[in-house]
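Subject: The model we talked about

Hi there,

Here is the model I promised to send over. Please have it open while you read, and my notes follow below.

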Amino acid sequence: MTDINRTLVVGATGNIGRHAVALLRERGVAVRGMARDPAGLPAGVEPIRGDVRDPEALGRALAGVDAVLLIWPFPTADGIGAVAGAMAGEARRVAYVSALSVRDDRPPAESGVWGEVEDAIRRTGVAWTFLRASGFATNTRQWAEDIRAGRVVRVAYPEAARSLIHERDIAEVAALVLTEPGHAGAAYTLTGPAALTQAEQVRILAAASGRAARVEAATPEEARAGLGWADPGWAEAILRYWASLVDSPEPVTGTVERLTGAPARSFAQWAADHAAEF
């Protein structure tokens, strides 16, 4: 039995959020789902339409909840102080989907938006758990159009190796830490079961969808253009990080299995699950 009766999932219709909603309901917890468009939420989930940074919408979403799963969708931490304070004013537990790159031995701002969000939550005094995930397998959808069309897939740093994680594994850990005691103050590093180069990732996606794919290195200009959603400083930081992974691949941890009792899903499994998209 859990002492958590109602949980708010912020970002409830996203890749991680939709799994978390289902898993929390399986655990017998009432779920409130917040999203800009909550129309896709299943029956039995209380929908809250709005932006998490909107005080009125957030107030409605938080009323009477015991725990919150926060998926922060913004490229900066603007507004997180007020959001974190509001969460701490209602909830007893907060789990935040953070990033592998966060370091505890340097100022929060040096760990980007994820470090700043963690710091704001930590400062409230609420019982927190940070899920520091490696690269999301879902981000490989960026190659879907080229793979479907049979074009050469141009990739920045094809030999950069990442321990990509399946979104369901993140959701399973989130549901666990929100409904079971003993996880307050923990920062869990969550990864997939192996580090694969980006070239290997493309080949696995192509094979799962029954297609052939050829990979070539993108030029620096092409790589920057593909990061047009990020400001120039952040884009350069991303490219430097990918370059570092050629010689120093992302780590692989067994944290998912230790917490859930099941091994982390492989990237091949993710590719099979999403083969129709490619």
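Throughout these notes, contact means heavy atoms within 4.5 Å. This is a predicted model, in which local features need pLDDT of at least 70 and side-chain atom pairs count only at pLDDT 80 or more, while totals for chains, interfaces and linings use all residues. Residues are numbered from 1 along each chain as its sequence is written, and side-chain values use heavy atoms, with hydrogens and water left out.

Leaving aside neighbours within four places in sequence, Val173 is in contact with Leu131, Leu190, Val256, Leu259 and Thr260.

Val173 also belongs to the largest nonpolar core, which has 34 residues. (Such a core is a set of buried Ala, Val, Leu, Ile, Met, Phe, Trp, Tyr and Cys residues joined through side-chain atoms within 4.5 Å; buried means under 20% relative accessible area, exposed over 50%, and partly exposed in between, with a 1.4 Å probe and protein chains only.) Among the residues with the most contacts inside this core are Val9, Leu69, Leu131 and Val173. At least two core residues each come from helix H1 (15-26), strands E4 (67-70), E5 (93-99), E6 (127-133) and E9 (186-190), and helices H6 (167-179) and H10 (255-260). Helices (H or I, at least four residues) and strands (E, at least two) are DSSP runs, numbered from the N terminus. H6 gives the largest share of this core, 8 residues. A second, separate core of 29 residues includes Ile48, Ala57, Ala84 and Phe130.

Now to the sheet. It is open and has 7 strands in the order E3-E2-E1-E4-E5-E6-E9, with parallel pairing; two strands pair if DSSP finds at least two bridges between them. E3 (46-49) and E9 stand at the edges with a single partner strand each, so one side of each has no neighbour in the sheet. On average, neighbouring strands are turned by 20° against each other, direction ignored. H4 packs on the sheet, touching E4, E5 and E6, and its direction makes about 165° with that of E5. H6 packs on the sheet too, touching E1 (6-10), E4, E5, E6 and E9, at about 155° to the direction of E5. For these angles, axes are lines fitted to C-alpha atoms, for helices over the stretch in contact, and the angles run from 0 to 180 degrees between N-to-C directions.

What about E5 itself? In E5, 7 of the 7 residues are buried, so this strand is largely enclosed by the rest of the structure. Arg93, Ala95, Val97 and Ala99 point one way, and Val94, Tyr96 and Ser98 the other. E5 runs parallel to E4, joined by 4 bridges, and Val68 has Val94 as its bridge partner. With E6, E5 pairs in the parallel sense over 7 bridges, and Ala95 stands opposite Thr129.

Finally, have a look at Leu69 in strand E4. Leu69 is buried, with a relative accessible area of 0%. Its contacts beyond four places in sequence include Leu8, Val9, Ala95, Val97 and Ala174.

Happy browsing!
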